[in-house]
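The sequence and the model come first.

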Amino acid sequence: RDARPEWAFVLGSGLGAFADALEDAAVVPYAEVPGLPASKVQGHAGRFVAGSLGGVRVLVAQGRVHLYE
């Protein structure tokens, strides 16, 4: 099965709950991705979530890393 996402989103403040709606979700914290820093801003989950929404494969970045981190 092709697991590549059809859509990708970067979720900003207040949109993190979108990732909770994904079905069959797989979660990878940013800190587990080599070369990618962990998000330290309160309220930013700092993780990738892959799953499906309405049968569409989606990848979301739940919380982003800011340049000042």
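What does the accessible surface of the chain come to, and what percentage of it belongs to carbon and sulfur atoms? The accessible surface comes to about 4,800 Å², and 58% of that belongs to carbon and sulfur atoms. Accessible areas come from the Shrake-Rupley method with a 1.4 Å probe, and for residues only the protein chains shown count as cover.

## Basis of the model

This is a predicted model, in which local features need pLDDT of at least 70 and side-chain atom pairs count only at pLDDT 80 or more, while totals for chains, interfaces and linings use all residues. Residues are numbered from 1 along each chain as its sequence is written, and side-chain values use heavy atoms, with hydrogens and water left out.

## Overall make-up

The chain has one helix and four strands, and from the N terminus on its elements run β-α-β-β-β. Helices (H or I, at least four residues) and strands (E, at least two) are DSSP runs, numbered from the N terminus.

Buried residues make up 23% of the 69 residues in the chain. Buried means under 20% relative accessible area, exposed means over 50%, and partly exposed lies in between, with a 1.4 Å probe and protein chains only. Among contacts between residues at least 6 apart in sequence, 60% join residues at least 24 apart; a contact means heavy atoms within 4.5 Å.

## The sheet

The four strands form an open sheet in the order S1-S4-S3-S2, with mixed pairing. Strand S1 (7–11) and strand S2 (23–29) stand at the edges with a single partner strand each, so one side of each is left without a neighbour in the sheet. The twist averages 20° from one strand to the next. For such angles, axes are lines fitted to C-alpha atoms, for helices over the stretch in contact, and angles run from 0 to 180 degrees between N-to-C directions.

Two strands pair if DSSP finds at least two bridges between them. S1 and strand S4 (residues 56–62) pair in the parallel sense over five bridges, and Val10 has Ala61 in S4 as its bridge partner. S3 and S4 run antiparallel and are joined by seven bridges; here the bridge partner of Phe48 is Ala61 in S4. S3 and S4 also form a hairpin with two residues between them, and Gly54 in its turn has a positive phi of about 65°. S2 pairs with strand S3 (residues 47–53) in the antiparallel sense over five bridges, with Val27 opposite Val49 in S3.

## Nonpolar core

Which residues make up the largest nonpolar core? Its six residues are Leu11, Ala19, Leu22, Val49, Val58 and Val60. A nonpolar core is a set of buried Ala, Val, Leu, Ile, Met, Phe, Trp, Tyr and Cys residues joined through side-chain atoms within 4.5 Å.

Leaving aside neighbours within four places in sequence, Val49 is in contact with Ala19, Leu22, Ala25, Ala26, Val27, Val58, Leu59, Val60 and Gln62.

## Aromatic pairs

The structure holds three aromatic pairs. Trp7 and Phe9 form one that is stacked, at 6.2 Å centre to centre and 10° between the planes. Phe9 and Phe18 form an edge-to-face pair, at 5.7 Å centre to centre and 70° between the planes. Rings of Phe, Tyr and Trp (its six-membered ring) pair if their centres lie within 6.5 Å; planes under 30 degrees apart count as stacked, over 60 as edge-to-face and the rest as tilted.

Ring pairs link Trp7, Phe9 and Phe18 into a cluster. Trp7 is exposed at a relative accessible area of 53%. Phe9 is partly exposed at 35%, and Phe18 is partly exposed at 29%.

## Individual residues

Most residues other than glycine have a negative phi. Asp24 has a positive phi of about 50° although it is not a glycine. Asp24 has its place in strand S2 and counts as exposed, at 75% relative accessibility.

Ala45 is found in the loop between S2 and S3 and counts as partly exposed, at 45% relative accessibility. Leaving aside neighbours within four places in sequence, Ala45 is in contact with Gln62 and Gly63. Ala45 and Val65 are 20 residues apart in sequence and 10.0 Å apart in space, C-alpha to C-alpha.
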